[in-house]
Amino acid sequence: MLDSLWRFASSVAQAAETVDQIARLERLAYHDGALGLPNRHGFERMLDQRLQEPGPRPVLVFCAVEGVAVIAATFGATAATQVLRAVAGVLQGPPIGLDRLARFADDSLVGLAGPDGLDPPVLETLQTQPVPVEGGMAPVRLRVACVDPGSEVREASTLSRHGQAALLAAEGGKGGGTIRYTRAMNDGLYRRLRLRTALRRSLERDRGIDVHLQPQVDLARGTIIGAEALCRWFLDGHVVLPEEFIPLAETGGLSRALTGAVIQRVAEIGADRRALGRPALRLSVNLSAMDLSSDDFVETLLRDIEALGLTPDLLAFEITEAQILIHPRPVLDEVAKLRRAGFEVLLDDFGTGRASLSLLERLPVTAVKIDRTFVASLTVAGASRSLVATALAMARGLGLGVVAEGVETVEQHQALAALGCEVAQGFLYGAAVPVAEFERLVGGWSLARCLATAT
């Protein structure tokens, strides 16, 4: 009898231990321990059950937190988890109040909104407000995608794929973005995959990548003093727009190779000019903050530049204000290395990234480029009261040079000259053109002719 009782007790204990093990395994399978939320599998299991219930279906809201990988690499996994936890708190709290919030991927969350989704003002708040974390506000950008299950979709896994497609469709947009899934996005994903593969092949074979040059004009002297080197990609005889292939390069690990191809072309242009006895002309090249956030990027870049014989009188760099806001500390450190090497660094899209004055004071840049959106509405009569005048005064107060972008009319030119703007570029002075055409343009260029032609 005692042996039987012992065996029974042992069996009960083993069964209890097995139940505990099953519970632990299930928790590991369906739960994210770092955030204390369900994971994607747990969310899909819940959603499958929800889709079988009668009544209105909720809208799925996917939120990707850009820069999480960089934060983890720079400040550690704990800091990245802290940012995600803070974003989760924002999504669950008022006025957003997502239900059944879960961790969808390493850098994204998903939850349920009501059948009507989220109001546009709520979405705008979600996209534009910084994330509160211990010690300050997180410099992250949020991409939001909404998926309406409709009545025909029955599987949660299908809706997850729709959410991924919508998040990818919003990728690369300025200042965050909210997008609703449509079936056409699947075609867009296929095109993205095809273009990314083709871009990789073009870079490997050194084919199809070139630069066009847009002149930069000294307004006081009326001369071309430099140009912006803008990357162009030609695929099967057709031009792929930069706004399409540059985000693909950045998210596909190709931006370094793309920057290298542009630098190589700039070196060739400089060598050709020297061989023809033409004066040195500084060309500015755009850099990605994603690359600048990597510790070894600038060291590698400087070695390549030295090997190509490029010097600060031939090359300058541009970075955008919005990029710095996403990854401020590592970008500032890397830009400082470029400055110590003697290279000019310009802050592009000045005034559009909501950078604080304290951050601008710490930026190791030499000049700012006033965004074309401020120049577009510029008039001679309203020049002194314009946003351009404010931007000029701020830049001068910081001891920075100024380049105005997007100058298209004589009146804009006259207003900038009256304000004392130093350098400008835009269609009025010349569009971005192939190198051979640019050289012909420089040879016979005249500011007076540009103004007379546009009048």
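Predicted model: local features only at pLDDT ≥ 70, side-chain atom pairs only at ≥ 80, totals over all residues.

I began with contacts in the chain: of those between residues at least 6 apart in sequence, 68% join residues at least 24 apart.

Next I looked up the secondary structure and got 19 helices and 19 strands in the chain. Then burial: 48% of the 455 residues are buried.

On to the second largest pocket. I put its space at about 270 Å³. Which residues lie nearest its centre? I found Gln216, Ile225, Arg282, Leu346 and Val403 there, out of 16 lining residues. Two or more residues of the lining come from each of β11 (223-235), β13 (282-286), β15 (344-350) and β17 (401-404). Sorting the lining by class, I got eight nonpolar, five polar and three charged residues.

Last stop, helix α11, which covers residues 297-307. I checked burial along α11 and found Phe297, Val298, Leu301 and Ile305 buried, meaning under 20% relative accessible area. How do the buried residues sit around the axis of α11? Looking down that axis, I see them within an arc of 85°, so they line one face of the helix. Turned away from the buried side of α11, I found the exposed residues Arg303, Glu306 and Ala307. Just past the end of α11, I noted Gly309 with a positive phi of about 80°.

Methods: Residues numbered from 1 in each chain as written. Heavy atoms only, no water. 1 Å grid on protein atoms, 1.4 Å probe; cavity = no way out; pocket = protein on both sides within 12 Å on 5 of 7 lines; lining within 4 Å. Points joined across faces, edges and corners; volume = space filled by probe spheres on them. Helix = DSSP H or I, 4+ residues; strand = E, 2+ residues; numbered from the N terminus. Nonpolar A, V, L, I, M, F, W, Y, C, P; charged D, E, K, R; others polar. Buried < 20%, exposed > 50% of the residue type's maximum accessible area, 1.4 Å probe, protein only. Arc of directions from axis to C-beta. Contact = heavy atoms within 4.5 Å.
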